[in-house]
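Here is a friendly walk through one protein model, written for reading beside the sequence and the 3D view. Keep both open as you go.

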Amino acid sequence: MATNETLIGAGFSDPVFQSQGAFRALLAALSEPGQVRELAIAVEPPAGLARATALALLTLADYETPIWLPPALRDGPAGAWLRFHCGAALVEDPSRVAFAVIDGAALEPKLAAFNPSDDQFPDRSTTVIVQCAALAGGEAVTLEGPGIAGTCEIAPSGLRPGFWGEVAANAELYPCGVDLVLSHGAELIGLPRSTQILETR
């Protein structure tokens, strides 16, 4: 007889060990912006979620951390997977969520739609996971800021026009602002709110 996990897709097989490994990789990505990190942990992500996206949410989200997903994901297998494995509430108001997943190519929602927090509680901002077509081959941008030795360059592809302008505007809100994670397949790049966009080409 099929279980709910069989029908939905497996999460962590060893929750303590695997979640610790994924958390270390996520922390490293946000501590060293611009560096590609791989989450080499076997899970069965649902349709619409990259493996890195699924692992990040599986590691960080729980019943106290509301999540925003595009409607097609929220109402489909991805929403069911997250409800089953994380117990997380999936909400429609992007300004009220701890985590969000967006398609980098979609025109909406803008980064400004999510919670930038405030000076009193800057840690309560939204972490936005941006799913990209790839983490290379796109418009090159130069980054500077804490965790970066001098500058570094990244070129993720499949991002909407004006995306890097949104990222630059978000950095101007520091210490408020959203934190970003760019994901594709099992890989991700962290872009905390402290990261500055120097130039694009």
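## The strands, one by one

Strands here are DSSP runs of E with at least two residues, helices are runs of H or I with at least four residues, and both are numbered from the N terminus. Two strands pair if DSSP finds at least two bridges between them.

F99 also has a bridge partner in β4, namely T127, and A100 stands opposite V128 of β4. In total, β3 and β4 pair in the parallel sense over 5 bridges. From β4 the pairing goes on to β7, again parallel and with 5 bridges; there I129 stands opposite V181.

## What the model is

This is a predicted model, in which local features need pLDDT of at least 70 and side-chain atom pairs count only at pLDDT 80 or more, while totals for chains, interfaces and linings use all residues. Residues are numbered from 1 along each chain as its sequence is written, and side-chain values use heavy atoms, with hydrogens and water left out.

The predictor's confidence in each residue, pLDDT, goes from 0 to 100. Its mean over the chain is 89, and 89% of the residues reach 70 or more. Residues 1-6 have pLDDT below 50, and beyond near neighbours in sequence this stretch has 6 contacts in the model (heavy atoms within 4.5 Å). Where pLDDT is low, the predicted coordinates should not be read in detail.

## How covered are the strands?

In β3, 4 of the 5 residues are buried (buried is under 20% relative accessible area, exposed over 50%, partly exposed in between, with a 1.4 Å probe and protein chains only). For β4 the count is 5 of 5, so this strand is largely enclosed by the rest of the structure. Both of its faces are covered: T127, I129 and Q131 are buried on one side, V128 and V130 on the other.

## Aromatic rings

A pair of aromatic rings is described by the distance of the centres and the angle of the planes. Rings of Phe, Tyr and Trp (its six-membered ring) pair if their centres lie within 6.5 Å; planes under 30 degrees apart count as stacked, over 60 as edge-to-face and the rest as tilted. By this rule there are 2 aromatic pairs. W68 and F114 have ring centres 5.9 Å apart and planes at 75°, so they are edge-to-face. This pair links distant parts of the chain, with W68 in β2 and F114 in the loop between β3 and β4, 46 residues apart. Both W68 and F114 are buried.

F163 and W164 also form an edge-to-face pair, at 5.1 Å centre to centre with 75° between the planes.

## Loop details to look at

Two cis peptide bonds deserve a look. One runs from E108 to P109, with omega near -5°, and P109 is in the loop between β3 and β4. Another joins Y174 and P175, with omega about 15°; P175 lies in the loop between α6 and β7.

S117, found in the loop between β3 and β4, has a positive phi near 65° although the residue is not glycine. At 15% relative accessibility, S117 counts as buried.
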